[in-house]
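Welcome! Let us take a friendly walk through this structure, starting with its aromatic rings and moving on to its core and its sheet.

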Amino acid sequence: MTLTNYTHGITSFGVPVIGSGTTIPVTTGSYFFVDSALGTAGNDGKAPTSALATVDQAIGKCTANKNDVIIIMPGHAETVTATSIALDVAGVQIVGLGTGLKRPVFTYGAAAATITVSAANCSWSRCHFIGNFDNVAAAFTLGAAKDFVLQDNTLVDNSAALHFLSAVVTGTTDNAAAGLTIIGNYWWALALSPDAFVSILGDCDRLNISQNHADMAATNDVGHFLTITGDTILGARIVGNVLNVTGSTGAAVGIFLTGSSTDNTGIVAYNLVSSLDTTTELIATAGTGLKFFENYYTGTADASGKLWPAVDLA
């Protein structure tokens, strides 16, 4: 069955309608399909039967700020290198189809392998990413990528020696990644000394990191979920995340969040944290300027977490 195109961005395979459900977004732009099993670089990508072979080929077909959508077909498999995928067209949404490991799978086979994002208002959702090399620096590296959204993806390490160091790392230019939104992702991290799930290396206004889960074997003394170094985040929403990390005893830095700036604004709320640390129990660096509401921490197995930091009784 072929696609039937209607006005205002509606396309139908007979009865089903692209953009009518919650998985594939409605758009007035164009849809492009990617399928490693059937696609070729010479196709136009406008239907599953004429799919492109790689995501980067599909990005090359998109028009900036036209709200184009790239649909990655179930079973798609792609190897990521340092230069193979550059999300450099503004306003593009990328979404994977399928469930479980029938979702599109992206395997990183080099330390420098990464997906670079250098355009504003883009998103990537519903895919599976595998760290398959020692110290893969980041699954996603952001440049001038304002309002990038990473949602409902899974990231896994193949082993303690084949792993990601971080899921997302920004550049050092202040607010180049402003509006960064990371929601509903899961990281199964097997490295013993990785960096944070998200590393913010420049000022970042409107940061939203919510409803993510990081399950980490790490034992190093770092901020395992979020590091903001000496930079400033304003209007932050760090809400409803789970960090389960092996951790180190007597940690000197915030287990969940660390940073040296005192000028941050926003809230850190309803996060759950566990690690081996039963002494200092420091889940966040003191003096960040952030406001904390009902975060819970435990360093003891089979025990419920306790409120952190201490309740304000003034």
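## Rings, core and sheet

In this predicted model, one aromatic cluster is formed by Phe-106, Tyr-108, Trp-124, Phe-129, Phe-140, Phe-148 and Phe-164. The count of aromatic pairs comes to twelve. Two of these pairs are worth a look.

The rings of Phe-106 and Phe-129 are stacked, because their planes, at 25°, are under 30 degrees apart. This pair links distant parts of the chain, 23 residues apart: Phe-106 sits in strand E9 (residues 105-108) and Phe-129 in strand E12 (residues 128-131). Phe-106 is buried, with a relative accessible area of 0%, and Phe-129 is buried too, at 1%.

The rings of Trp-124 and Phe-140 are edge-to-face, because their planes stand at 75°, over the 60 degrees required. Trp-124 belongs to strand E11 (residues 123-125) and Phe-140 to strand E13 (residues 140-142), so the pair ties together parts 16 residues apart in sequence. Both Trp-124 and Phe-140 are buried.

| Ring pair | Centre distance | Plane angle | Type |
|---|---|---|---|
| Phe-106 and Phe-129 | 5.5 Å | 25° | stacked |
| Trp-124 and Phe-140 | 5.5 Å | 75° | edge-to-face |

Now for the core. The largest nonpolar core has 70 residues, and among the members touching the most others are Phe-106, Trp-124 and Leu-226. Helix H1 (residues 55-59) gives the largest share of this core, three residues. A second, separate core of nine residues includes Ile-24, Tyr-31, Phe-33 and Ala-51.

Finally, the sheet. Seven strands form an open, parallel sheet in the order E7-E10-E13-E16-E19-E23-E27. Strands E7 (86-87) and E27 (257-258) are its edges, each pairing on one side only. Strand E23 (residues 226-227) pairs with E27 over two bridges, and Leu-226 stands opposite Leu-257 in E27.

Conventions: Residues numbered from 1 in each chain as written. Predicted model: local features only at pLDDT ≥ 70, side-chain atom pairs only at ≥ 80, totals over all residues. Heavy atoms only, no water. Core = buried A, V, L, I, M, F, W, Y, C linked by side-chain atoms within 4.5 Å. Buried < 20%, exposed > 50% of the residue type's maximum accessible area, 1.4 Å probe, protein only. Helix = DSSP H or I, 4+ residues; strand = E, 2+ residues; numbered from the N terminus. Pairing = 2+ DSSP bridges. Phe/Tyr/Trp six-rings, centres within 6.5 Å; stacked < 30°, edge-to-face > 60°.
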